[in-house]
Amino acid sequence: MVEPDNADVRAHRDWARAQRERNLPTLPSTIGLERRINPFLRSRQTTVRAAAEKQTGHTLDAAVDVFAAVRRWKDGFRG
């Protein structure tokens, strides 16, 4: 998880789990929610940048570099 300390991410994850347990949908979403929980929309946030830098092992200078690093990280995710 890119931002494990993000309270909005944790709350949404818990909500989504509860929805799935009841066979209810977790979509649609809103742009407001996505801006709080989606790391691809948060690439300028220091917490997302720090997580991406830790994952890559090097400094990322631009938001687009953070976005790309998170994208590569997601590509390798096995849940």
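**Exercise 1. Arg36 and its surroundings**

Leaving aside its neighbours within four places in sequence, which residues is Arg36 in contact with?

*Solution.* Before starting, note that this is a predicted model, in which local features need pLDDT of at least 70 and side-chain atom pairs count only at pLDDT 80 or more, while totals for chains, interfaces and linings use all residues. Residues are numbered from 1 along each chain as its sequence is written, and side-chain values use heavy atoms, with hydrogens and water left out.

Step 1. Apply the contact criterion, which asks for heavy atoms within 4.5 Å; once neighbours within four places in sequence are set aside, Arg36 is in contact with Asn6, Asp8, Val9 and Arg42.

Step 2. Classify its exposure: buried means under 20% relative accessible area, exposed over 50%, and partly exposed in between (1.4 Å probe, protein chains only). Arg36 has a relative accessible area of 40%, and therefore it is partly exposed.

Step 3. Look along the chain to Gly76, which is 40 residues apart from Arg36, and note that the two C-alpha atoms are separated by 23 Å.

**Exercise 2. The side chain of Glu3**

Determine whether Glu3 is buried or exposed, and list the polar contacts that join its side chain to others.

*Solution.* Step 1. Locate Glu3 in the segment before helix 1.

Step 1. Read its relative accessible area, which is 8%, so Glu3 is buried.

Step 2. Search for polar contacts (a pair of N or O atoms within 3.5 Å; within protein, one must be able to donate a hydrogen and the other to accept it, and residues adjacent in sequence count only if both atoms are side-chain atoms). The side chain of Glu3 is joined to that of Arg42 by a polar contact of 2.8 Å, and to that of Thr47 by one of 2.5 Å.

Step 3. Not counting residues up to four places away in sequence, Glu3 touches Val9 and Val48 as well as Arg42 and Thr47. Glu3 and Asn38, although 35 residues apart in sequence, are 9.5 Å apart in space, C-alpha to C-alpha.

**Exercise 3. The two sides of helix 3**

Step 1. Just after helix 3 comes Gly57, which takes a positive phi of about 85°.

**Exercise 4. Loop residues**

Describe Asn23, Pro28 and Ser43, giving the loop in which each lies.

*Solution.* Step 1. Asn23 lies in the loop between helix 1 and helix 2, and its phi is near 55°, a positive value in a residue other than glycine. With a relative accessibility of 72%, Asn23 counts as exposed.

Step 1. Pro28 is found in the loop between helix 1 (7-21) and helix 2 (31-37), where a cis peptide bond with omega of about 10° joins Leu27 and Pro28.

Step 2. Ser43 lies in the loop between helix 2 and helix 3 and, at 8% relative accessibility, counts as buried. Not counting residues up to four places away in sequence, Ser43 touches Val48, Ala63, Val66 and Phe67.

**Exercise 5. The chain as a whole**

Summarise the helices, the box and the buried share of the chain.

*Solution.* Step 1. The chain has four helices and zero strands, giving the pattern α-α-α-α along the sequence.

Step 1. Taken along the principal axes, the box filled by the C-alpha atoms is roughly 40 × 25 × 20 Å.

Step 2. Of the 79 residues, 28% count as buried.
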